[in-house]
Structure formats: C-alpha cells, structure tokens
Amino acid sequence: MGLWTWLLFIYLILICFVDDVLSGRTSSFRRSEWPSTDIPLDSEAFVVPGGYNTPQQVHITQGDYDGKAVIISWVTESETGTSEVLYGTEEHKYEHIAQGTTTNYTFYNYKSGFIHHCLVDGLKYNTKYHYKIGTGASAREFWFQTPPEIDPDVPYVFGVIGDLGQTFNSLSTLEHYMETGGQTVLFVGDLSYADRYEYNDGVRWDSWGRLVEKSAAYQPWIWTAGNHEIEYRPDLGEISTFKPYLHRYVTPYVSSKSSSPLWYAVRRASAHIIVLSSYSPFVKYTPQWFWLREELKRVNREKTPWLIVLMHVPLYNSNEAHYMEGEAMRDVFESWFVHYKVDIVFAGHVHAYERSYRVSNMNYNITSGSRHPVPDKSAPVYIIVGDGGNQEGLAVRFSDLQPDYSAFREASYGHSTLELKNRTHAFYHWNRNNDGKHVLTDHIVFRNQYWASNTRRRRLKKHRKFPN
Ligand SMILES: [Fe+2]
C-alpha cells in the first residue's frame, strides 16, 4: 500500500470517528434554496383526493409501547362517515376490522373536518399490513410494515426530521427522506406553521396533512410538539394550548404510563425512544419530571440498547437563533441523561444543523460561577435537525467562534438517518437536501453508550453470543 493510500485510509478513519476528535467544523457551504414561502394551496403537493368525503391527511403512528399496534388517523371534510379501518396481510383482502373514534374542533373562525383516529392492535411483528379507510368509491387503501420484535441486535433505520413546514424546501426534505430508506420518522416538533397565518388558519393544518401523507400514511411518524403547536391566542378567545395539534396528532402516551400525550415513550426494534415536551412544565415535582424519572428506570439496555431522546428545544446550540432557550431543561434533565448514558438527544427549533461532541455541564453552579461544558464519555451526543425547510428560513448566524462542544454545524436544509446495526454500532448521516452536487455532509459511527464498554464487549465475546 503506497503512502498516499495510507494517508487516505487514515483520513477516512478520522472522519468516521470524528465524534472522538475535539475540533469542530463550521461548514461554509450554503445550499441554493427556494424562497422561504409556503407552497400555494392549489398546488399538486396538497391535492385533495377526488370523490365525496374521501379520507385525506392519512397518517399513522405507533399505537403501543412495543410496536405491535398502530394508530391510523385521517380527516373527512363533508360528513362524519365511518371511523372503521379494514386491514389484513393480503392486498385487497381484509380479514380484520377495527373501530375508531371521531373528533373535531374549532379555532376562532376555522372549523375542522371530522378527524378520525383508529387503534389497530394485536399485530404480528415484521409483517406487511394493508389497510382500507372510507367507503364505496371514496375508499382508499394503504399499507405499512410492522417493526421487528424488540431485540438488541435487530437492525432498523430511523429518519429524523424537524421544523418541516410546507415550502418547496419542506417538500424537498420530505422527498429526499423518502429516498433514503428510513422505516420510521422521529419528528422533533414544529409541523405545519399554520400559526403563522392570520387567525392561525387551520386550512394550513389540512394542507400540511396532505403534504406529508405520501410518507406518513405508510410508516409511523413519532410526534414531538414544538412551539408552533402551542397556538395560545387569548386575543382570539383560544386559551387552551396545543388545541389543533392534540386533536390531529395522537400519541400512545398511556402505554408508557404518561399522563399527557405531549410526553411519552415507545420501544421499537432495538431502540427506546423518549419524547419530551419543551413547552410543558418539567421542573422538579411536575408530572413530566416524575414520569421521566420513572421511564428512565424502565429502560432495559439488554433489550433496547439504543436510548434516544426527542425534544424540540436543543440543550446545546451555538446558533444565535434560540440561543440558551434550552438551559432550563438542561439544568433539570442533563444529569439524568448522563447517568443513564443516553445515546443521542435529537432536537429541532433552530433552523440549521448542528452536532455536539459528548459533553456535559453538570458542574454549573450559580453560586460559585463554575460554568464550563467538559468532555464526558457518559454524555449523549446532541443533534439539532431543525432544518426541515419551513417558511421562517434558515438560521444562518452561528456564533463567530465555534465552541469546543460543537462538532459540526451548517445552515442548510436536510434531515438525518440513524441506522441501528446491532447492539454496539449505528451509522448516522445528516443528509443535506439533494441539490445535484456531490458534497460532503456529516456522518459518524455511533458506538452504543451501554454496550460499547470494554467489559460488556468482553463478556459478549466470551459467551459467543455476538461476533466481535
Ligand atoms: Fe420551534
């Protein structure tokens, strides 16, 4: 092997394990972007399916703790219609039927359609199911694949999308994600940005539901609430928070013993996924605090080695946008994340991409003035994927000096994929939206925070349960 080949080899190794190298990179790349304006309502991207009262805005999410159920949701505009789901393992043959429920809401002068939610449970793992909603000529058919049984070594691919909105950049992110082979979306908050319209026009919730249907009807999206879901408008007489979001996007919170759909957990394949609410009380003794304390005790890394946390507001962020907004939650939860060796914390909110090294700042002390993040092998990697492409545009102003904790940052649109390979390794890639150029984006190999320690690896080798 020649000298140049060796140098290239060493360079590639360094790139792959960049999380262990303490020198951050700020990418100067700026993706050519479409204007940050929403797609017109009469666009093909929002097309209303033909026929009378035809189901639209179809989306599914996990329906239980372990992935043997889905919740199927959709909207009918003209009348209630049926909330039944016909389903089975063969196309056009539906052996089973599940009965759902219907709800609707008003928001100032907007009146929603009839919103249906139907729990389909008792499913087999690793099985393709076909389902049918609506009746007669207006019926529509879709399918989804259930995850493999919970197993520490089963491979699985998650996509991570945040702050999506409904611009042409949003559409590009969505279509690019659909090309990357993700099996489930981890969505880190800020969905439709309907609240940017006069009177928080719910018509833009409907168009967003139609925009994402091409993915969300076929694979679960795991929902996290962001600030654009709060919709607190006392000036319009709308004082209940998260009203449209909670009516439209349900979560399986009861199965993780949560008291609110805004924070909950699911287990899927080899991952334990915890969803937190940045905009609900979380300080000591609040319901979310009590719930998270108990949920972290329920995590079993022998079954689900990958511990992933989703939230909207990032705890580490070196962009001027939303700078330090996550400090309060960091103060409350960071020590738990380190204690339980969380692998990755995904957040959105900042409309850019940033990945941290493994750092913690638990010695912060308001009395002594100690306040420095330090490298910490037990700490999670914090990743901001608020770059879905909404109408507010990119957050292009990073702090001039890249802080030591920041590994990579770039103000472009995109999404991430997390490929869990087995209990010890995962491939992670940030995918900048396709712009026809071959450009290096961010990728690392994650070593599992629980299983990658030497003692456990040696034990595995000794018992020959797992190669290498
Ligand atoms: Fe946000």
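## Two helices side by side: α5 and α6

In helix α5, the residues Trp289, Leu292, Arg293 and Leu296 meet Val332, Phe333, Trp336 and Phe337 of helix α6. Sorted by class, this contact of α5 with α6 holds seven nonpolar residues, no polar residues and one charged residue. The structure that shows this contact is a predicted model, and the descriptions that follow should be read with that in mind.

Two packed helices are described by the angle between their axes and the distance between the axes. For α5, which covers residues 287-298, and α6, which covers residues 327-339, the axes come within 11 Å and cross at roughly 5°. Because angles under 35 degrees count as roughly parallel, α5 is roughly parallel to α6.

Helix α2, made of residues 168-179, has an axis that comes within 10 Å of the axis of α3, and the two cross at roughly 10°. The helices α2 and α3 are therefore roughly parallel to each other. On the α2 side the contact is made by Leu171, Leu174, Tyr177 and Met178, and on the α3 side by Leu211, Val212, Lys214 and Ser215. By class, the contact of α2 with α3 comprises six nonpolar residues, one polar residue and one charged residue.

## The chain as a whole

The secondary structure of the protein amounts to seven helices and 26 strands. The protein has 468 residues, of which 58% count as buried. Among the contacts in the protein with a separation of 6 or more, 71% are between residues 24 or more positions apart.

Arg25 belongs to strand β1, residues 25-26, and is partly exposed, with a relative accessible area of 40%.

## The iron site

The iron ion has as its protein donors Asp190 (OD), Asn227 (OD1), His312 (NE2) and His349 (ND1), which lie 2.1 to 2.2 Å from the ion. The angles among the four donor atoms run from 88 to 171°, and the site of the iron ion is irregular. Along the chain, the donors of the iron ion follow the spacing D-x36-N-x84-H-x36-H.

Asn227, in contrast, is partly exposed, with a relative accessible area of 23%. Asn227 is found in the loop between β14 and α4, and, leaving aside neighbours within four places in sequence, Asn227 is in contact with Asp190, Asp195, Tyr279, His312 and His349. From Asn227 to Ser278 the distance is 8.3 Å, C-alpha to C-alpha, although the two are 51 residues apart in sequence.

Glu231 is not a glycine, yet it has a positive phi of about 50°. Glu231 lies in the loop between β14 (221-222) and α4 (243-248), and is buried, with a relative accessible area of 3%.

Ala269, also not a glycine, has a positive phi of about 60°. The place of Ala269 is the loop between β15 (264-268) and β16 (271-275), where Ala269 counts as buried at 0% relative accessibility.

## The surroundings of His117

His117 sits in strand β9, residues 114-120, and is buried, with a relative accessible area of 11%. If residues up to four places away in sequence are not counted, His117 touches Ile71, Ile72, Ser73, Gly100, Thr101, Thr103, His247, Arg248 and Val250. The C-alpha atom of His117 is separated by 7.2 Å from that of Ser83, a residue 34 residues apart from His117 along the chain.

How values were computed
Residues numbered from 1 in each chain as written. Predicted model: local features only at pLDDT ≥ 70, side-chain atom pairs only at ≥ 80, totals over all residues. Heavy atoms only, no water. Axes fitted to C-alpha atoms, helices over the stretch in contact; angles between N-to-C directions. Helix = DSSP H or I, 4+ residues; strand = E, 2+ residues; numbered from the N terminus. Parallel < 35°, antiparallel > 145°, perpendicular 65-115°, else oblique. Contact = heavy atoms within 4.5 Å. Nonpolar A, V, L, I, M, F, W, Y, C, P; charged D, E, K, R; others polar. Donors = N, O, S within 2.8 Å, 3.2 Å for Na, K, Ca; no water. Tetrahedral: all angles 85-135°; square planar, octahedral: opposite > 155°, others 65-115°. Buried < 20%, exposed > 50% of the residue type's maximum accessible area, 1.4 Å probe, protein only.
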